[in-house]
Amino acid sequence: MVEFAGYQMPIQYAGEFGGISAEHQWTRTHASVFDVSHMGQLSLEGAGAAQALEALVPGDISALRPGAMRYSLLLDQDGGILDDLIVTNIGSTAGEHIAIVVNGAMKWDDIAHLREHLPDEITLTHQADQALLALQGPQAGAVLETMIPGTGALVFMSAGAFQWNGHFVWVSRAGYTGEDGFEISIAGEFAEELADALVADERVNPAGLGARDSLRLEAGLPLYGHDMDDQTDPVSAGLIFALSKKRRETGGWMGHETIAPILHGGPAAKRVGLIIEGRLPAREGALVFMGDEQVGKVTSGGFSPTLGHPIAMAYVAAAHAVNDTKLQIEVRGKRLDARTAPMPFVPHNYYRGAPK
Amino acid sequence: MSRYFTEEHEWIDVEGDTATVGITDFAQGQLGDIVFVELPDVGAVVDQGGDAAVVESVKAASDVYAPISGTVTEANPALEDDPALVNTSPEEDGWFFKLTIGDQSQLDGLMNAKAYAAFVEGL
């Protein structure tokens, strides 16, 4: 157990199916449940809530249909990333009711930022009593459809309200592993009952923070505070997709003035994937070299249980960030051979609808 | 042969002037799946409490300290091909390195098996 964002959380579970690699492999082949209740579940309510939020994030929020979700970024005046988040329209097409899920470690800062900059007519509520359980893996859809009929019809990045055992649950088809799966929001007092019911299915085992990190690294998903922070802009971070196309030009969101020229001129450095030769992983902070010249720095790294070799994310000078560039990483005085590689390292396996 | 333990979860087997060092079953359980072990070079001089090896698990890199001072005489070649030996046989086949014992009195401050078990129990 470790303290993370003020919560006691398991790095890994004990027992027959426990351990980071075992939990990781189980998630890739079956389904795992992660307790991610530390994450901040917020809601915005009031006429024009979606439009109001658009002043603070670069995504097209008012276009979200009811139940549709979008990955977005909270940006500061200088275009730095304050947090990454998932926005869902949980109301009508008018966009008067919006849910936001933010990083656990950043939620108090996010709440302060939103309260400061949103108009007073928009009510911000921190759903502090809601738990969040993530069910992730190729068998997640079948498992949850049995438990909560109707959830199987959700496609990736959509959500809806359901009943389970007489309790209200909000189910989102999304996650942080690259696999198909769900995040289930439920009142905290019923969370244990739901977690027990999930792991009672023989296809489901619990998984901890360690596997969550190795899974998201393989999936190429950046981790806030490591692969991006308020000193990083979305273009360098490779998150241009989070800047809705029409809003890149029109602006009207905090940070646009700084980011627009980077969008046009290109960033000085880019977040890239690195595949490392041998078995020695390069961790956060390891320096990246092209010959004698330091050209970058690792921001996340570890051993990929799926691929059987080390992988990393790094910021590398744009000139050396093109795919398949041979670079070296320094780890404890040794130079490891590495090459830039497209992400995800392991293909995503999202559910986008029944095959036609 | 006597086996001693440290609070840093290393074990050390003493046979005459030579000691064999590894990490305990408790330690490997905490580290999780080990993917790489960086061992000291033969001939390296290590100081009690100083860095001697590095264990890389899926999650993190962890230092392994020298339980006593001495000169490294052998590093376990099996760990290069099969670092997971540290998980499967931490206190036998998964040993890390052997060293000469520079100062026998340094052994006095270490724990025996019973004391180590009590120490782990208290964590």
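How many bridges join strand β14 of chain A to strand β17 of chain A, and in which sense do the two strands run? Notes below, with that one settled in point 3.

1. **Ground rules.** This is a predicted model: local features need pLDDT of at least 70, side-chain atom pairs count only at pLDDT 80 or more, and totals for chains, interfaces and linings use all residues. Residues are numbered from 1 along each chain as its sequence is written, while chains are lettered from A and ligands numbered from 1 in the order in which they are written.

2. **Domains of chain A.** Chain A splits into domain 1 (1–219) and domain 2 (240–341); the bounds come from an automatic or database domain assignment. Taken over C-alpha atoms, the centres of domain 1 of chain A and domain 2 of chain A are 26 Å apart. Across the boundary, 22 residues of domain 1 of chain A are in contact with 17 residues of domain 2 of chain A (contact: C-beta atoms, placed from the backbone, within 7 Å). On the domain 1 side, α1, β5 (69–75) and α6 of chain A each supply at least two residues. Helices here are DSSP runs of H or I with at least four residues, strands are runs of E with at least two, and both are numbered from the N terminus. That side of domain 1 divides into eight nonpolar, eight polar and six charged residues. The classes go like this: Ala, Val, Leu, Ile, Met, Phe, Trp, Tyr, Cys and Pro are nonpolar, Asp, Glu, Lys and Arg are charged, and the others, Gly among them, are polar.

3. **The barrel.** In chain A, six strands close into a barrel in the order β14-β17-β16-β15-β18-β19, with antiparallel pairing (two strands pair if DSSP finds at least two bridges between them). From one strand to the next the twist averages 40°. Back to the opening question: strand β14 (residues 269–276) and strand β17 (residues 309–317) of chain A are joined by seven bridges and run antiparallel. One pair to click on is Lys270(A), whose bridge partner in β17(A) is Val316(A).

4. **Helix α6(A).** This helix packs on the sheet, where α6(A) touches β16 and β17 of chain A and its direction makes about 125° with that of β16(A). Axes are lines fitted to C-alpha atoms, for helices over the stretch in contact, and angles run from 0 to 180 degrees between N-to-C directions. α6(A) is mostly covered, with nine of its 10 residues buried. Buried takes 20 or more other C-beta atoms within 10 Å of a residue's own, exposed takes 12 or fewer, and partly exposed is in between, with C-beta atoms placed from the backbone. Among the buried ones are Arg212(A), Asp213(A) and Glu218(A). The cover includes β1 (2–4), β2 (7–9), α1, β3 (31–35), β16 and β17 of chain A. Just after α6(A), Gly220(A) takes a positive phi of about 75°.

5. **Chain A against chain B.** Here 15 residues of chain A are in contact with nine residues of chain B. α1 (20–29), α6 (209–218) and β16 (293–304) of chain A each give at least two residues to the chain A side. That side divides into six nonpolar, six polar and three charged residues.

6. **Two residues to look at.** Leu82(A) sits in strand β6 (residues 81–89) of chain A and counts as buried because it has 23 C-beta neighbours inside 10 Å. Beyond its neighbours within four places in sequence, Leu82(A) is in contact with residues including Leu74(A), His113(A) and Asp230(A). Ala22(A), in helix α1 of chain A, also counts as buried, with 20 C-beta neighbours inside 10 Å.

7. **Chain B.** Chain B has four helices and nine strands. A compact globule of 123 residues would have a radius of gyration near 14 Å, and chain B agrees at 13 Å (taken over C-alpha atoms; the globule rule is 2.2 Å times the number of residues to the power 0.38). Buried residues make up 41% of the 123 residues in chain B. Six strands of chain B form an open sheet in the order β1-β2-β3-β9-β8-β5, with antiparallel pairing. β1 (2–5) and β5 (45–46) of chain B stand at the edges with a single partner strand each, so one side of each has no neighbour in the sheet. Inside that sheet, β8 (residues 70–75) and β9 (residues 97–100) of chain B pair over three antiparallel bridges, and Val72(B) stands opposite Leu99(B) in β9(B).

Technical notes:
Contact = placed C-beta atoms within 7 Å.
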